[in-house]
Each structure stands twice: as structure tokens, then as C-alpha cells.
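Here is a short tour for someone meeting this protein for the first time. Please keep the sequence and the model side by side while reading.

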Amino acid sequence: MFNVTKKSIQWGDETLTLETGKVARQADGSVIATLGDTQVMANVTYAKSPKPGQDFFPLTVHYQEKYYAAGKIPGGFFKREARPSEKETLVSRLIDRPCRPLFVEGFKNEVLVMATVLSCDLHNDPDIVAMIAVSAALTISGVPFMGPIGAARVGFVDGKYVLNPSMDDMTQLRGKPEQRLDLVVAGTKDAVMMVESEAYELSEEEMLGAVVFGHEAMQPVIDMIIDFAEVAAKEPMDFTPPDFSDLYASVKKAGEAEMRAAFALRDKQERTNAIKAAVATITASVTEEEKADANFGSAIKKLESDILRGDVVKTGTRIDGRDTKTVRPIVVENGILPRAHGSALFTRGETQSVCVATLGTGEDEQIIDALNGNYRSNFLLHYNFPPYSVGEVGRVGSPGRREIGHGKLAWRALQAVLPAPTDFPYTVRIVSEITESNGSSSMATVCGGSLAMLDAGVPLKAPVAGVAMGLILEDSGEYAVLTDILGDEDHLGDMDFKVAGTTEGITSLQMDIKIAGITPAIMKEALAQAREGRLHILGEMAKTLSAPQGFSAYAPKIETLTIPTDKIREVIGSGGKVIREIVEVSGAKVDINDDGVIKIASSDAAAIKKAHEMIWSIVAEPEEGQIYTGKVVKLVDFGAFVNFFGKRDGLVHVSQIANKRLNHPNEILKEGQEVKVKLLGFDDRGKVRLGMKMVDQETGAEIAPEAEAKAEG
């Protein structure tokens, strides 16, 4: 029944296996990739003809994590996988980005890629396995795909690169000083296509070394897919890239002059309107047959591309008048929102972000339900990109893949400089509202987010800035690396290369290539030029804000204390009775974790102090020789019982009440009276012995022994 093809190699410390022919046989390409006990099934289907009039390539990638893969049942009310998680969205983008440029130019048939995690051993992350499975499935499907690609994850420990570190090593990287990098790289046999990373201030040389290491490490995987395809691949689709040279000549003749004049305008909105007018002129000038051609849109895009790219490479001058290395003008303002805990307005040219920092308590941490277990995150970053930011109308709904991806990139860039939770016990949320956009709004979010946290008083290890680099690489081999790219330069260029970091090193790097990869030499030049741009931006930010500001009056104040773990039950009480009483009486929020760390939060310092005293009275032990303020709770013939330390009582023997003989304690004391007592010690049964006569009842100071003896005399 089955015509199974199976290939395996030893890759790093694990065996990597590809298999096809048994499952999902009606898909155009179906491959199950296995690394260790992690298995991902990739299925590829494609339309055999494009939709009439379609002028773009509709590729859709869905990565799905099934909870059964790790022996788990999903949380929530419905107990089934529903909308994609943040990780599923990010991995879908991770697969899409290196694959999309490798489809033959002009191919516009709809392609659907689905990668499903069937098994997860909680050691090998399924994202790398999914990328390999998809690459193999595309390669054998018959679709015009110029792959295969390989993929690898790279760590950096003790100055050495590590291939495919475990999921535990990569989860919540912050707080693991020995692990300084989480980098995913994908590429073909000859070139790198995509890089995604978070890092802890690595140098440009270390980052480039990691990319090269990952590219070399994936070569056996690419060779394996080629061998696999030689046996299992279907007949390639009969597809010939369209030749629209005659159509392009007509388009160029009809509108080159007007289009060139449009690209000479400096203002984005004026340029956009002029380009639309030029397109309208071209549309009105060509024949009805040319206008109906499916490649008409491609011909116009090629004209735009040739004008922008040619001028930059030949003259070194860009459409807004800058040279290749200049960053657009920067304006920074902080504290722009009066009730926010921290805020900043970051404007770079025609790209602008309003970033807001909010400080919360342990109750505000995000609980993340993942295949490898639940964990909590105390740093959140949300990026919003409304249509008005580019002067357009459009649907406004829940965050899309772009917003999630850009937000995660900024999160990666900033998380490396956050203080340790033990030093700064707050949950921090950054919201970036993109109010204007003309290229690199994610890097504006990095800059604005860093400034907003400083404005909120977050003690960052160092400010962070980001810059987006571009590349124009001509067929002749001539190229130009561009600093701080515009939207048109991103759209019509060959590379989007985002680098964020401090003055000391890189904290995040993301690279997308729209051609068949770039060489390490070009990457090295781009990294060096990006460093210059990043340092310039940091310098501009420092003119306004370079150190943490004071806390907002509206931000919660948090105090931490650590108690013995065997005392946690006493603080919580039966059914939470004790901790509820502490919260109600003090008015502060109290959060206890399993390690005995207690966070007390309130905007009222008195409430924090009261809660601290109540907790301390439960967990602390009284010290012999110390003086305490107590209250008489009971009088008996032989002395007085005094509540002096939380709920702890002790006995003041009648002989220790005063420096004179008493027949009964009621000669001096009455129940409910406040007294000062000294802890004398503990008797054989552990009972507390207290004394009053050696303490000045007015001041609480201890009376010297000679003064006490004189009083007795």
C-alpha cells in the first residue's frame, strides 16, 4: 500500500530522519522530519494554475503545535487548540521568510504550507525540525522552488558556538549568564537567507561568526534533502517564467519620466501621490491588451525598482537626498503622558512611535502555556500598527502576524538589558503605538521602548537603539549598503537587516533576504555600518535621556523580603485566611512564590510597611536581649502575660515587673496596657521569659545594671 522513502543522518548529537510516502499521500508534498523524539509533519499543496488577474504570489504558511505532542491537554475552557499562539505565529513567519524568495520569479499560483508538531521530546525545539520538514516537502512537491534550504539554531557559551541547544537552554534566556545567544539561521547551499536572534551584547564579529557557524552546520541537512528528493520527488510542474520584456518596454516608454520625477520628491506623501499619478498615466497610455496582462503590475514594479535602485548604486544618493550612511533626523521627547508611569515620543524622519511603559506587580505577569510547560514572563511588549500611520484606511482588528513579529523583535532587543527580577521586582509592559511609518518602525519601537523604561525609572543595564539596514545588489555585482532604510527602499531593495544593541554590543539581529542570499563579506560590511548608525542614534537619545528617572507617583511601589520556605504555610494560613487578613488590614498587594520570595506592592508606603510588619511578625523569631513593645493580655498571681512579638506571648514574672516587691501584678499593670519588655531567654520547656524592670517604660531604653540595683536599694 505504501511507497515509503526514508533517509537519516547523524546531525550534531541527534539522528535526523526524513520520511515520505506513508502519511498524507494526497498532498503534493508530505514529509515527516524527526530529530530525537521530536517529529513534525509538513504538507504542501499548490494550485495548478493562478487565479485570473492575480498579480502577487499567495504563499500561506501555518505552523501548528498540537498539545498531544508533549502529552498535554490544552488549557482554557474549550480544551482544544484554537487561535495560533505567539510562538506558532512567529515560527510561521520564520518558515515563510527564507522560502518565499526561492520560488521562481513570476510564479503566482497559490501555495499552502502546513507544518504540524506530532511529537515533542522537550529537548529538540520543533521550529528547526519544521523548517527542515517544509524545505523537504517543497523540494519533492514539484512546485518551482529553487531550494532546498537548511536551518539550524546556534547558542554561544563560554566563547564557543553550540549547535541546536536544548529547549531548556533557550527558554527564558534572561537570567542565564552562561548562555548569551539564541540565533536561528536558514539558507541555501551557497548563501544565508534569514537570521533571527536575541543576544547579550555580542560583538559584530561574534554575531557574524554565529551566522557562518550555523550556515556551515546546515550543509549536511541540505545534502540529505537533495539525496531524499532524488528518490522521492514528483515531476516538476511545467512552469516557464513569463517574459514581459515587451510589456515592460511599453510601460517604461509611457511613464519613466513621470515616475522618475515622482521618486525625486523628498516628502513621502507627495512621493506616494506622485507615483500613483504616474501609474495612472501609464495605465491610460498602454493598450487594453497590455492593461489586462497578468504581468502589468510586475512591469510597473520593475520600473519603480529600476529607477530607485539604479540611482542609488550609480550616484550614492537616495530618494530622500541622503547618502548611504546617514540616519534621518531624530527628535526625542520623554514624559509626554502625565498619568503613564513612563512615556516617550521617538521620531526618526517620517517614522514615529509613542512608547508607554507601565509597571505592575507579580499578579500582572503573563502565564505562557507552552509544549515544554508553563512559565511566567514579567516583561511584555506590544506593538500596534494602525492604518493611519501610513495615511491609509483599512481594517482594524486583532494583532496580525506583522504586529506580533515586530513586537517580538523589539522584545528580544530590550530584554537583554533588563535588571534581574530580584533587583527590580516589577512586571514591565511596553506598548508601542506607531503613529507614523516610513521604514523601520520596529527599530523605532526599540528606541522608544528603551526611553520609556528609563522615564519610568527602570534601571536598565544600558540604553538600546536599533537601525534597519538595506541592500541593493545589481546583476553586475555592484551593490550599496543603506543605513536607516525607507519604506520604498525596503519594498524595492534586496535586504531588510535590522540590528539593535547597546554601545557594547548587539542584543538582537534579524535579516531577511529577497534574493538568493548574500555573502559573509556583505554581511560584515552591513554589520559595521549598522554599528555606526546605532551609536549615532544612541548619542541622539542620550541628549534627552540617558539614565533612569524617578518613579511616577502613580506607579506601584514594591518591596521584597525572603522568608524560610517552611514558613510559607504560616503566612498563607488555612485556606488563605492569614494572607487575606494581611491584604485587607494593610491595603497592599502581597504575592508569595514557592522560593519564599514575597513581593509587597502598593502606591502607599504606609501600606507596604504595615504588610511587612505583619508578615515579619509571623515568620521572624524573637532575639534574646532585644527590647520589644508589647501589650498585657492576662494577669495572674505569679506575673503578667504579654503579647510582644506578633502573636507570640511571654511571661513577665512578678519579680521582673518592677524594682520593688509586689504582692500582685495588678498593683502596677492592667490588661490591655502597653509596656516595654526585654527578652530574657527561654526556659527548659521553650517558654519565653520577659522582663520589665530593666527597661525605661517611657523611652524604651535599657536601664544600666547599677541604676537598676540602686532603684532596688
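The report covers the annotated positions, then a sheet with its helix, then the salt bridges.

The model is predicted: local features need pLDDT of at least 70, side-chain atom pairs count only at pLDDT 80 or more, and totals for chains, interfaces and linings use all residues. Residues are numbered from 1 along each chain as its sequence is written, and side-chain values use heavy atoms, with hydrogens and water left out.

**Annotated positions**

An unreviewed UniProt entry places the feature "binding site" at Asp490 and Asp496. UniProt positions are given in the numbering used here, feature names are shortened, and annotations may be inferred rather than shown by experiment.

Asp490 sits in helix H12 (residues 487-492). Asp496 belongs to strand S20 (residues 495-501). Helices (H or I, at least four residues) and strands (E, at least two) are DSSP runs, numbered from the N terminus.

Asp496 is buried, at 8%. Buried means under 20% relative accessible area, exposed over 50%, and partly exposed in between (1.4 Å probe, protein chains only).

Contact means heavy atoms within 4.5 Å. Leaving aside neighbours within four places in sequence, Asp490 contacts Ile485, Asp496 and Lys514. With residues up to four places away in sequence not counted, Asp496 touches several residues, including Ala468, Met469, Gln510 and Asp512.

**A sheet and a helix**

An open sheet of five strands has the order S11-S12-S13-S17-S16, with mixed pairing. Strand S11 (330-334) and strand S16 (379-384) stand at the edges; each has a single partner strand, so one side of each is left without a neighbour in the sheet. Neighbouring strands are turned by 15° against each other on average, direction ignored. Two strands pair if DSSP finds at least two bridges between them.

S16 and strand S17 (residues 427-436) run parallel and are joined by six bridges. Phe379 has Val428 in S17 as its bridge partner.

Helix H11 (residues 441-455) lies across S11, S12, S13, S16 and S17. H11 runs at about 145° to S12. Axes are lines fitted to C-alpha atoms, for helices over the stretch in contact, and angles run from 0 to 180 degrees between N-to-C directions.

**Salt bridges**

A salt bridge is a side-chain nitrogen of Lys or Arg within 4 Å of a carboxyl oxygen of Asp or Glu. How many are found in the whole structure? The search finds 35.

| Pair | Closest N and O atoms |
|---|---|
| Asp28 and Lys48 | 3.2 Å |
| Asp494 and Arg309 | 2.8 Å |
| Arg328 and Asp484 | 2.9 Å |

Asp28 counts as buried at 12% relative accessibility. Lys48 counts as exposed at 52%.

Asp494 forms a salt bridge with Arg309. Asp494 lies in the loop between H12 and S20 and Arg309 in helix H9 (residues 296-315), so the pair ties together parts that are 185 residues apart in sequence. Asp494 is buried at 6%, and Arg309 is buried at 9%.

Arg328 forms a salt bridge with Asp484. Arg328 lies in the loop between H9 and S11, and Asp484 in the loop between strand S19 (479-483) and H12, so this pair ties together parts 156 residues apart in sequence. Arg328 is buried at 4%, and Asp484 is buried at 0%.

A network of salt bridges links Arg97, Glu196, Glu198, Arg412 and Asp512.
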